[in-house]
Every structure is written in structure tokens, then in C-alpha cells.
Amino acid sequence: MELVQLKCFVATAETLSFTSAADMLHMTQPALSYHISRLERELGAKLFERKGRRTTLTPEGELLLPLAQSVLMRADEAVRMLKDYLGAEIIGLVRFGCNPTVASNLVPPVMAAFHREHPLVRVEMVEAGDDELQEAVQSGALDFAVVTAPGRPQHFQITPLGSEDIRVALPLAHPLANRDSVAMLDLAHEDFVLSGHSYNLYEQIVAACRRAGFEPKVVCQAGPSETVRNLVRHGVGITIMPDIALRGANREGLAVVPLKEGLTRELNLIRGKNRSMTRAAQALMTRLCEYITANMAHAPANVEP
């Protein structure tokens with residue numbers, strides 16, 4: 001079995017088109033068909049059903065696909081690692097992910113310092129919710145990610161980065177603005193402005209309201225934290241946000257009040273178990289871990305990236 005055979009099979013399986021797969025691999029269609037036929041003979045199984053212009057995977061093909069994808073991913077990883085090891089200077093591509101509040105409030109100073117030190121490294125950052133980030137790390141699409149709750153610890157190596165307080169943000173003229181603290185029940189009749197369902201924070205806030213005995217009245221959902229803050233500044237409602245999203249200039253025009261319940265959010269860095277990393281990915285991951293931990297309200301005792 002050769003890697004070229006697996007590449008031809010995976011490209012065809014993912015596109016379900018011999019023509020598209022041949023174009024993707026920059027080879028002729030007869031050459032693609034030859035490699036797949038050789039693979040089928042070696043395995044003793046038919047991998048595709050072709051009926052007219054329609055191509056589908058056989059049960060044997062469906063079984064082979066994730067295994068072949070994993071083999072190709074590890075082969076690419078081996079090539080990257082060897083090139084990285086042989087290079088005198090740190091170069092390459094790093095892909096990582098985090099939620100939007102981390103991306104906008106904690107990542108920029110880290111990226112600025114990292115870029116100065118390693119100008120030949122290109123970085124791709126994905127902003128998403130925990131579920132999407134976990135899937136991407138597990139599949140190898142991301143080198144690592146910062147999430148709130150690692151839902152499948154059996155698949156990840158997890159580094160706790162600490163936790164932060166979650167606070168209430170209100171318009172300056174709000175009756176609760178001058179309180180030293182507020183209880184969740186104090187917010188039972190308020191209009192809420194929250195970020196979307198795709199982020200764990202939404203579910204955490206709704207759960208806290210329900211524990212206090214009420215269903216939050218969400219009058220507006222928005223995406224970026226800055227949009228939510230601006231809606232609150234203009235009196236659309238109140239919001240509940242992590243501390244990092246309510247510091248410095250982000251706090252202007254808002255009254256920020258602690259919650260009596262002491263609601264907090266944890267941050268964790270996850271990477272695939274038993275998966276090697278390039279020097280570039282390791283360098284960025286280490287710097288990000290150190291910076292986030294230093295800026296968390298409640299940092300863990302030890303951080304091991």
C-alpha cells in the first residue's frame with residue numbers, strides 16, 4: 001500500500017468525483033483510477049460504486065476513509081516535524097483556536113511579541129465555540145485551542161490556565177449601577193443582551209438564572225463582545241460577561257458589578273494526545289499559556305504546556 005494510493009482514495013471519497021479528485025491531485029483521471037484499482041486489488045475489496053455519473057462509497061470504503069485520513073495526516077505531520085527539526089530558524093504555519101473574548105482581549109499582545117521573535121511563522125487563528133474547537137483539535141485541523149470546558153478529556157492533553165470572575169455590566173444610569181454587588185435574583189426582571197448560543201457562556205448564564213429561580217428575558221443576541229457592550233451602553237439591556245471582556249477601554253460607559261454568587265469561567269488549553277508539535281506551534285502555545293495564566297483572576301498553581 002502506497003501513500004499515493006491513499007491520497008487518490010481520500011480525494012475521491014471526499015469529493016465523490018473522479019474528475020474533481022484528479023484535478024485536486026494534479027493528475028489525469030486514468031492515473032487516478034489506476035492507483036485506486038491497485039489499492040482495491042491489494043485490499044481485496046471494492047471501495048466505490050459507480051452508477052453513471054454518480055459515485056458513492058461502498059461499506060468497505062466508508063470503513064477505510066477515516067483510517068486513510070489519519071494515516072495521511074500523520075504522514076504530513078512527520079514531514080513537517082522533520083523539516084522543522086532540520087531548520088535553523090523557527091518557520092512554518094501554526095493553527096490554533098479560541099473563543100472571541102480570548103481572541104480579542106488576550107491574544108493580540110501575545111501575537112505581537114511572537115511575531116517580533118519569529119517573523120517567518122504564519123499564524124491562523126480560528127474563533128469559535130468549545131464544541132467546534134474540540135472537533136478541530138481532535139481531527140488535527142488545529143494544533144491547539146483555548147476552551148472553557150474540555151468535554152472529551154480522553155482525547156486531549158489539557159493544561160488548566162486558571163479561572164476568571166463573571167460580572168454584570170449595566171448602563172451607567174441603571175438603578176443597580178452603584179451597588180457593591182448584585183445577586184442573580186436581582187436581575188430577574190431585567191432585559192438581557194447576550195452573545196449567541198454557540199458559546200458556552202450563554203448556557204452558563206442561563207443555567208445560573210434558572211438556579212436563581214427565573215428564566216432570563218433575552219431581548220437581543222449578538223456576536224462579538226464589543227457589539228454586546230455597545231448595546232448595553234445604549235440602554236438596550238444588561239449583560240453578564242467574563243472579567244477579561246470588561247477591562248480597560250472595554251469598561252468605558254458601563255457600570256461593572258460583581259455577582260454575589262461568585263460565578264466564574266475556567267480556561268483550558270487543549271492539544272491532541274500523543275500528537276507531536278512543530279517548534280513554531282510549541283513556542284506560540286507556551287507563550288500563550290504563560291500570558292493567559294498571568295492575566296487570570298485565579299491562576300492555577302502549576303502550568304505545564
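1. Throughout this note, a residue is called buried when its relative accessible area is under 20%, exposed when that area is over 50%, and partly exposed in between, with a 1.4 Å probe and protein chains only. By this rule Cys-98 is buried, because its relative accessible area is 0%. The model is a predicted one, in which local features need pLDDT of at least 70 and side-chain atom pairs count only at pLDDT 80 or more, while totals for chains, interfaces and linings use all residues. Residues are numbered from 1 along each chain as its sequence is written, and side-chain values use heavy atoms, with hydrogens and water left out.

2. On the cysteines, the structure holds zero disulfides, a disulfide being a pair of cysteine sulfur atoms within 2.5 Å. Cys-98 is in no disulfide, and the nearest cysteine sulfur to it, that of Cys-289, is 12 Å away. For Cys-220 the closest cysteine sulfur is in Cys-209, and because the separation is 16 Å, it is too far for a bond. Cys-220 counts as partly exposed, at 22% relative accessibility.

3. Helices and strands are named here from DSSP runs, numbered from the N terminus, with helices being H or I runs of at least four residues and strands being E runs of at least two. Helix α1 (residues 3-15) and helix α3 (residues 29-43) have axes that come within 9 Å and cross at roughly 105 degrees. The axes are lines fitted to C-alpha atoms, for helices over the stretch in contact, and the angles run from 0 to 180 degrees between N-to-C directions. Angles of 65 to 115 degrees count as roughly perpendicular, under 35 as roughly parallel, over 145 as roughly antiparallel, and the rest as oblique. The two helices α1 and α3 are therefore roughly perpendicular to each other. Their contact, meaning heavy atoms within 4.5 Å, is made by Val-4, Gln-5, Leu-6, Cys-8, Phe-9 and Thr-12 on the α1 side and by Leu-32, His-35, Ile-36, Arg-38, Leu-39 and Glu-42 on the α3 side.

4. Within α3, the residues Leu-32, His-35, Ile-36, Leu-39 and Glu-40 are buried. Seen down the axis of α3, these buried residues fall within an arc of 140 degrees, so they line one face of the helix, where the arc is that of the directions from the helix axis to the C-beta atoms. Pro-30 and Arg-41, on the other side of α3, are exposed. Gly-44 follows α3 with a positive phi, near 70 degrees.

5. Two residues other than glycine also deserve a look for their backbone angles. Most residues other than glycine have a negative phi. His-26, placed in the loop between α2 and α3, has a positive phi near 55 degrees, and His-26 counts as exposed at 75% relative accessibility.

6. Helix α6 (residues 107-117) has Val-107, Val-110, Ala-113 and Phe-114 as its buried residues. They cover an arc of only 135 degrees around the axis, which puts them on the same side of α6. The buried residues of α6 pack against β3 (92-98), α5 (100-105), β4 (121-127) and α10 (279-295).

7. Helix α8 (residues 200-211) has twelve residues that should span 16 Å at 1.5 Å a residue, and its end C-alpha atoms are 17 Å apart, which agrees. Its buried residues are Leu-201, Tyr-202, Ile-205, Val-206, Ala-208 and Cys-209. They cover an arc of only 160 degrees around the axis, which puts them on the same side of α8. What covers the buried residues of α8 includes β6 (156-171) and β7 (191-195), together with β8 (217-222) and β9 (239-242). Just after α8, Gly-213 takes a positive phi of about 100 degrees.

8. Two loop residues complete the note. Tyr-199, in the loop between β7 and α8, counts as partly exposed at 22% relative accessibility, and Tyr-199 touches Pro-100, Ala-128 and Gly-129, not counting residues up to four places away in sequence. Asn-178, in the loop between β6 and β7, counts as exposed at 74% relative accessibility. Asn-178 and Ala-255 are 77 residues apart in sequence, and their C-alpha atoms are 7.6 Å apart in space.

Technical notes: Expected span 1.5 Å × (residues − 1).
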